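Hello,

Here is the structure I promised to pass on to you. Have a look at it first, and then read my notes below.

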Amino acid sequence: MNTLQKANAERISHLCFPTENSGDWSFDAFVNHRSVRYFSYGRHALYEALRVIGCAKGDSVLLPAFICRELLSAINTIGAVPVYYHVDKDLQLAELPDALPFAKTILAVNYFGFPQSLEPFQRYAARTEAVIIEDNAHGFLSRDEEGQALGTRGDIGIFSLRKTLMLPNGAAMVINAHDKSYTIKPQIVPSAAGISISFRVKRLIHKSQRFIDLRMIRFLTSIIRTARKITSGNRIAPSAPDAEFRLPGNAAPCIELQYFLDHLDAEQEISRRCELYRLLDSVMRRNGFEPVFASLPEHVVPYAYPFYTSGNQIDEVKEVLEKLDLECFSWPELPEDVIPTAPNWFKNIRIIGFSW
């Protein structure tokens with residue numbers, strides 16, 4: 001590494017540690033004081049959204065084929081039928097809205113915090129009266145080009161807050177369509193139960209961040225994965241075999257969720273994620289890897305750095321990232337029904353996480 005590259009590597013290492021909770025913030029204000037219900041996981045929030053709109057057994061739910069298989073648990077628990085539409089390599093709807101079949105609802109996904117163009121979804125909804133659910137699991141704090149918060153543009157928005165905050169769980173359902181007079185249940189009482197040992201260890205390490213760096217994190221992670229490999233046969237735990245059909249545990253959000261939201265330093269977190277994205281974009285482009293998105297638009301707060309790579313580039317990618325003490329992962333773990341017909345590029349997207 002030359003001097004500039006070394007300085008960038010040190011900055012990337014620093015930025016991988018989220019800021020402490022020291023702000024004064026309001027999620028209610030962020031979503032313009034719309035009706036909100038909090039849950040443990042986004043899957044529970046989606047299940048409740050489907051219930052609220054009256055989605056029932058046998059109803060069709062349109063969703064992108066490029067999606068994490070665990071999301072299906074909400075649809076299958078309702079008894080609805082998932083129907084897949086295609087997205088292109090820019091992760092935008094690749095089909096004409098007039099060609100899509102009728103469905104009770106259609107999911108629009110803001111992949112990695114980048115806004116999905118809702119115009120074709122609105123055209124589809126105008127024709128079919130389908131409800132638009134904006135899956136904003138990756139897009140907390142992100143806005144579209146007009147400055148509107150992602151997750152507040154569809155009839156209902158789904159947030160997976162735990163992907164941004166240092167929490168064992170945390171998600172939200174936001175009702176945006178006041179004119180539809182949806183009836184929602186009272187807020188589930190938050191729970192202090194169910195915090196895993198691995199999360200407690202992770203939080204302890206996080207609180208010790210002044211004394212550790214990414215290299216130490218990588219070393220500790222390697223020990224944990226080796227132990228898991230010995231005990232379970234897998235270095236990284238796969239999703240459960242029934243993940244497409246079973247919602248995870250308790251739907252109640254963790255008791256710390258509201259405190260973390262109220263004390264979020266949103267501006268600092270936005271700045272951290274955007275700077276980290278730009279630095280990684282520079283590194284990956286310099287080494288010949290193709291980003292999923294051509295640029296980082298104003299107002300977008302990326303969830304991770306996604307890029308394309310083929311199977312014969314993996315060793316090269318690892319070599320580049322190891323110099324930064326980083327690693328990448330495939331995303332998503334596709335639904336079983338999608339795998340046989342998935343285009344190759346579905347399997348070639350990898351992400352570099354922004355929080356260890």
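How many aromatic pairs does a search of the whole structure find? The search gives 26, where rings of Phe, Tyr and Trp (its six-membered ring) pair if their centres lie within 6.5 Å, and planes under 30 degrees apart count as stacked, over 60 as edge-to-face and the rest as tilted. One of them is the edge-to-face pair of Y85 and F121, with 5.9 Å centre to centre and 70° between the planes. This pair links distant parts of the chain, as Y85 is in strand β3 (residues 81–85) and F121 in helix α5 (residues 119–128), 36 residues apart. Helices (H or I, at least four residues) and strands (E, at least two) are DSSP runs, numbered from the N terminus. Y85 counts as buried because its relative accessibility is 2%, and F121 is buried at 0%. Here buried means under 20% relative accessible area, exposed over 50%, and partly exposed in between (1.4 Å probe, protein chains only).

Before going on, a note on how to read this: the model is predicted, so local features need pLDDT of at least 70 and side-chain atom pairs count only at pLDDT 80 or more, while totals for chains, interfaces and linings use all residues. Residues are numbered from 1 along each chain as its sequence is written, and side-chain values use heavy atoms, with hydrogens and water left out.

Now to the charged side chains. The whole structure has 12 salt bridges, each a side-chain nitrogen of Lys or Arg within 4 Å of a carboxyl oxygen of Asp or Glu. One of them joins E244 and R69 (3.1 Å, N to O).

D242 and R246 form another salt bridge (2.9 Å, N to O); D242 is partly exposed at 30% relative accessibility, and R246 is partly exposed at 45%.

Happy browsing, and write back with any questions!

Best wishes
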